[in-house]
Amino acid sequence: MKAYNNDLIAGGGINLVDVKIRRFHPGKDQHPYYSWFRVESAANQTVLDILTVILQEHELSLSFRFSCRTGLCGSCGMIINDEEKLACQTLANTLGQEITLEPLKNYPLIKDLTVDLTTSYSKYKKIAPAFAKNHDGSISGISRYLKHFPCLHCGLCYSKCKVVAIQPSFLGPISLHQMYVLEDLGKNPFSNYRKQMATHEGGIFDCMSFGCCGAVCPQSINPMESIHHLQHKWKK
Amino acid sequence: METLKTNMVILGGGAAGLCAALGAVQVSSSIRLILVSKGLIGKSGSSRMVQGGFNAALKGDDSWKLHLEDTLISGEFINRQDLVSTLAKEAPRCIEQLENWGCFFDRKEGNIHSKTFGGQTKSRTVHRKDFTGIEVTSKLFDQLLAFEEQVLFLQECRALQLLQNESGAVAGVIVFDIRKGTLYLIQAKVVVLATGGAATLFSVKAPPMEKSGDGMALAYRAGAQFVDMEMVQFHPTGLVVPGTLLNGSVVEEGLRGIGGKLLNSQGERFMERVSPNHKECANRDVLTRAIYREVKEGRGTENGGVWLDLRELKEDVIKDEFPNMWKRISLLGKDPKSDLLEVFPTAHYMMGGIRINPYGQTSISGLFSVGEDAGGVHGANRLGGNGIADSVVFGLRVGQNAAIAAINESELQRNFQLSLEKQCNQLKKKLQSPFLNEKGVNPFYLRKKLEETMSQLAGICRNEQGMISALHFIEKLKEWHPRTYINGNLSYNLALQEWLNVENLLIVASLIIHSALLRRESRGAHWREDYPEKNDRDWLSNIVIFKERDQEEDHQLKTKIEPVSFTMMSPETVNSRKSILPPETKLRS
Ligand SMILES: Cc1cc2nc3c(=O)[nH]c(=O)nc-3n(C[C@H](O)[C@H](O)[C@H](O)COP(=O)(O)OP(=O)(O)OC[C@H]3O[C@@H](n4cnc5c(N)ncnc54)[C@H](O)[C@@H]3O)c2cc1C
Ligand code: SF4
Ligand code: SF4
Ligand code: FES
């Protein structure tokens with residue numbers, strides 16, 4: 001049964017959508033629950049627009065994260081009708097009459113739709129993500145590098161990855177993709193260290209190659225492919 | 001409440017804050033610092049959104065002097081020349097430093113490629129396609145992660161109040177943890193403000209919403225001086241998409257640089273009339289006024305904009321060079337080959353700000369400022385590409401200087417103006433207060449009203465009467481503010497955040513208007529209907545505005561009008577450059 005948290009009655013010709021939002025505030029709420037809202041959705045409105053209307057007009061205590069509102073910062077990732085997406089880049093009118101919003105998986109929940117994206121940094125740090133030039137000062141792979149779009153650290157792929165879900169030590173698609181990028185720029189001082197990390201438990205050979213990570217990436221990055229390159233390079 | 005002690009606190013996780021942190025750790029491995037960011041570090045703020053690029057005179061036929069000249073001419077000579085020369089001289093070295101940190105810029109035939117931006121005599125805007133900001137902020141953060149032992153990151157934490165000792169020197173800050181809803185009391189030897197400006201004060205705006213003039217408000221309360229606060233830049237081409245958060249997002253200048261045209265509703269390419277020499281590549285202030293006029297005089301589109309025509313550009317060039325722009329246009333269901341885009345100027349950047357010297361020191365001991373929080377570099381009109389350059393050049397410099405100051409300061413201050421416990425208790429009470437109101441307007445409504453007032457009465461086009469009524473309305477909003485209603489609890493409460501935002505925005509709004517009332521002329525971004533001419537005789541000056549530390553109310557604002565010192569170049573010298581940069585043709589009025 002839908003019990004709406006607001007009352008909006010259909011007016012002539014206006015497109016109404018039902019938005020179902022998973023709510024949970026760890027430490028305060030006993031159980032997760034869903035709130036239902038019926039809202040008007042105009043052309044060009046994104047899921048982020050709709051969330052903003054719900055927040056400002058119906059539910060002041062709703063929590064979600066955004067910053068740039070133009071697909072650049074990677075802060076507004078969530079699960080929209082069962083698929084990891086950026087809220088600011090998803091048009092509401094492509095989603096049908098019912099929109100279900102849930103927080104990303106594989107991250108600790110802060111509140112409602114907000115997760116602690118920074119937790120994946122503890123794994124990210126392990127791969128020595130900082131760039132360091134080769135010993136001779138050269139960078140060979142720069143032109144290849146420039147062809148790629150940069151990773152937003154939006155966490156969509158990390159949320160989607162089934163191995164991360166079951167094996168906490170798995171470094172995951174964001175870190176392993178970054179490792180590939182750095183390695184592809186040419187041999188550098190951290191190469192040996194990274195090879196060790198990559199071929200250890202939780203590294204590249206734990207990836208099960210389902211390819212879900214690339215399928216949700218808003219930057220058209222395919223972390224699985226990056227992992228395959230590393231697997232090839234550092235064959236067991 | 002948790003108490004922390006450190007050498008140095010940096011507020012802000014944009015390019016300025018990140019660079020300040022990297023600058024500081026370069027100084028000494030003994031420096032310990034805390035980087036506090038209201039949003040996620042590197043992922044919040046305008047720096048992340050930089051699309052166009054970074055100005056640096058790298059090419060053989062370019063020089064720091066030309067960069068300086070272009071910047072001063074564009075800023076209409078009220079820039080602080082010592083700051084501009086620092087920017088122009090150090091920008092090339094910073095590009096090299098950034099590349100050493102793994103930020104790579106587009107190249108052609110092995111050399112770093114640059115775009116031509118409005119108001120520049122050389123193509124000097126270095127970029128990575130149209131996502132330069134992501135490249136820069138994410139690589140700076142990657143780099144900083146290697147200094148984990150020296151740097152403590154407090155993400156999604158906002159600074160609420162500076163701590164001052166008995167003599168007024170800054171000795172720390174109280175920070176609110178947005179996630180947990182608790183306070184940190186941080187004692188430090190120096191504090192660096194890098195929270196970005198408050199160009200979000202207007203209805204149509206480009207920067208992220210969390211930028212709400214927090215650093216400026218902190219500095220103001222502490223008694224710091226501000227310079228040229230009336231200078232708010234509008235970017236000429238903000239997308240018009242009513243009813244969505246995409247409204248006001250920027251269509252990159254580079255698209256005009258490669259042939260994008262502006263048309264009014266009659267299909268006229270009006271920039272040919274307004275600025276025959278530069279057309280769509282004129283300075284931002286010129287374009288902004290021209291677009292505003294077209295709309296006001298009835299030659300605008302239905303939604304109150306003008307058309308941006310990209311139809312003659314090559315599809316693969318847009319797709320390849322401006323992938324984010326392509327994405328955004330496609331998201332709206334438009335095809336740049338057949339559809340026109342509706343655009344209108346969008347509030348973009350604050351050129352005015354906290355007054356600093358070239359070391360980033362403010363008028364308050366122990367307090368530094370950098371990036372968009374600081375004023376003086378850009379004068380009356382910022383050149384595209386000079387914003388991120390400012391944040392990086394001064395970020396590194398100011399971070400180093402602040403670290404040296406922290407090292408030289410032997411001990412943490414202990415004699416505070418007010419007892420720390422008292423300050424914390426006051427803040428806790430304040431944070432609880434809106435939850436106690438049973439009903440009332442909500443903070444989002446207050447923000448909306450403030451934005452409307454600023455846009456209508458103190459935005460692109462201003463006059464005395466309008467600005468005075470805006471000030472009255474701001475006073476009203478200040479009265480409403482304590483009566484605002486919020487529900488839920490302190491942790492991750494967006495309404496509470498907005499309530500705090502509005503309080504700060506009201507301060508910045510009133511500083512902008514007070515300065516704008518004083519400057520009785522039109523110059524760059526400051527356009528007064530009642531004083532439509534530029535008046536070099538009386539106004540080659542900076543407006544300095546502040547309140548004394550111990551004064552509570554801002555109707556006791558102090559102001560000073562200080563003539564610019566032309567240490568490097570004066571308006572007269574420009575005439576000798578006429579052949580390179582023809583003067584702007586005057587707007588039809
Ligand atoms: C859409 C857009 C495009 C742009 N394109 C260009 C371009 O092409 N070239 C160019 O040169 N410039 C460009 N600019 C301007 C440029 O982005 C700014 O000049 C520059 O990024 C400012 O950097 P900053 O570090 O001072 O502030 P920001 O990058 O805005 O960072 C501010 C930081 O402070 C944090 N913060 C805010 N309040 C608090 C608080 N109370 N406590 C703690 N932290 C706080 C925020 O979360 C954020 O991390 C653009 C701006 C926008 C909006
Ligand atoms: S391909 Fe590998 S990294 Fe990607 S989602 Fe699957 S298991 Fe995870
Ligand atoms: S690889 Fe793609 S999905 Fe994963 S964090 Fe980066 S941008 Fe997001
Ligand atoms: S808000 Fe920045 S990516 Fe959506």
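Let me start with helix α11 of chain B, which gives the most to the shell around ligand 1, with 4 residues. Helices here are DSSP runs of H or I with at least four residues, strands are runs of E with at least two, and both are numbered from the N terminus. A residue belongs to a shell if one of its heavy atoms lies within 4 Å of the molecule.

Some housekeeping. This is a predicted model, where local features need pLDDT of at least 70 and side-chain atom pairs count only at pLDDT 80 or more, while totals for chains, interfaces and linings use all residues. Residues are numbered from 1 along each chain as its sequence is written, chains are lettered from A and ligands numbered from 1 in the order in which they are written, and side-chain values use heavy atoms, with hydrogens and water left out.

Back to ligand 1. It is surrounded by 40 residues, and the closest are B:Ser44, B:Ser46, B:Ser47, B:Gly52 and B:Asp214. At least two shell residues come from each of α1 (15–27), β3, β10 (157–164), β18 (341–350) and α11 (386–408) of chain B. By class, the shell holds 13 nonpolar, 20 polar and 7 charged residues. Ala, Val, Leu, Ile, Met, Phe, Trp, Tyr, Cys and Pro count as nonpolar, Asp, Glu, Lys and Arg as charged, and the others, Gly among them, as polar.

Now the polar contacts, meaning pairs of N or O atoms within 3.5 Å. A backbone N or O atom of B:Gly53 lies 2.8 Å from a nitrogen atom of ligand 1. B:Lys211 places a polar side-chain atom 2.8 Å from an oxygen atom of the ligand, and a polar backbone atom of B:Gly387 is 2.9 Å from an oxygen atom of ligand 1. Taken alone, ligand 1 exposes 1,000 Å², of which the protein buries 99%; these areas come from the Shrake-Rupley method with a 1.4 Å probe.

Next, a sheet in chain B. It is open, has 5 strands in the order β9-β3-β2-β13-β20, and its pairing is parallel; two strands pair if DSSP finds at least two bridges between them. Which strands stand at the edges? They are β9 (151–155) and β20 (367–369) of chain B, each with a single partner strand, so one side of each has no neighbour in the sheet. Strand β13 (residues 190–193) of chain B is joined to β20(B) by 3 bridges, and B:Val192 has B:Phe368 as its bridge partner in β20(B).

Last, ligand 3. The residues around it include A:Cys151, A:Cys154, A:Cys157 and A:Cys217. Its shell has 8 nonpolar, 3 polar and no charged residues.

Methods:
A polar contact is a pair of N or O atoms within 3.5 Å; within protein, one must be able to donate a hydrogen and the other to accept it, and residues adjacent in sequence count only if both atoms are side-chain atoms.
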